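Have the viewer open while you read.

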Amino acid sequence: MRFKTSLLALGMAVASVAYADLTPWKDYTESDAVWSVTTVKVHSNMSDAYLEGLKSTWVASNEVAIKLGQMEEYHIYRSDLQESGNFNLLLVAKFKNSEMMAPNKARYDAFMKEWGEERSKKSTEVSQHDYPAMRDITGEYNMREITLTK
């Protein structure tokens, strides 16, 4: 009897899992928009210095990309708890769709024309020489918003 009860419980559990499967575009949709999310572990006492660097590199280049219509928006999120977990800073950039993230010579040329050779050299220098002492990149993700059907 105990075996039959266990078998019945197992069958019900499997059936409930199968029944719970959702169908894309019926039960939920995914956005065309894509968020590029980078998780960063900023070293102790380096948060303000890293933010200062981001202002002249990541933020400035994102402003150019927005001006050119290559990106929609960007955000920086910092944890209130600096020493918790694998990361304490998120760099988030929103693109209209996957195609806007793909390599494209025309977009690159337009960006470089606006960004300029001098800023390109300076941001490369900061990224290669200053940032490694301030932070570790712990992950990179391309995320889409999921909207569940009511």
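Predicted model: local features only at pLDDT ≥ 70, side-chain atom pairs only at ≥ 80, totals over all residues.

A residue counts as exposed when its relative accessible area is over 50%, and as buried when that area is under 20%. Keep those cut-offs handy for what follows.

**The whole chain**

The protein chain has four helices and six strands. Going along the sequence, they come in the order α-β-β-α-β-β-α-α-β-β. There are 150 residues in the protein chain, and 31% of them count as buried. As for the surface, the protein chain exposes about 10800 Å², with carbon and sulfur atoms supplying 57% of that. Now take the contacts in the protein chain between residues at least 6 apart in sequence: 76% of them join residues at least 24 apart.

Which residues of α3 are buried? They are R107, F111, M112 and W115. Looking down the axis of α3, the buried residues fall within an arc of 130°, so they line one face of the helix. What do the buried residues of α3 pack against? Their partners are α2 (47–67) and α4.

| Side of α3 | Residues | Relative accessible area |
|---|---|---|
| Buried | R107, F111, M112, W115 | under 20% |

**Where α3 meets α4**

Helix α3 covers residues 105–115 and helix α4 covers residues 117–134; their axes come within 6 Å and cross at roughly 90°. That makes α3 roughly perpendicular to α4. On the α3 side, the residues that meet α4 are M112, E114 and W115, while α4 brings R119, S120 and S123. By type, the residues of this contact split into two nonpolar, two polar and two charged. M112 and W115 turn up again here, having already been listed among the buried residues of α3.

Let's finish with a strand. T38 lies in strand β2, which spans residues 34–42. Is T38 buried or exposed? T38 is buried, because its relative accessible area is 11% and the cut-off for buried is under 20%. Leaving out residues up to four places away in sequence, T38 touches L89, L90 and L91, along with I137, G139 and E140.

Definitions and conventions. Residues numbered from 1 in each chain as written. Heavy atoms only, no water. Axes fitted to C-alpha atoms, helices over the stretch in contact; angles between N-to-C directions. Helix = DSSP H or I, 4+ residues; strand = E, 2+ residues; numbered from the N terminus. Parallel < 35°, antiparallel > 145°, perpendicular 65-115°, else oblique. Contact = heavy atoms within 4.5 Å. Nonpolar A, V, L, I, M, F, W, Y, C, P; charged D, E, K, R; others polar. Buried < 20%, exposed > 50% of the residue type's maximum accessible area, 1.4 Å probe, protein only. Areas by Shrake-Rupley, 256 points an atom, 1.4 Å probe, with all protein chains shown as cover. Arc of directions from axis to C-beta.
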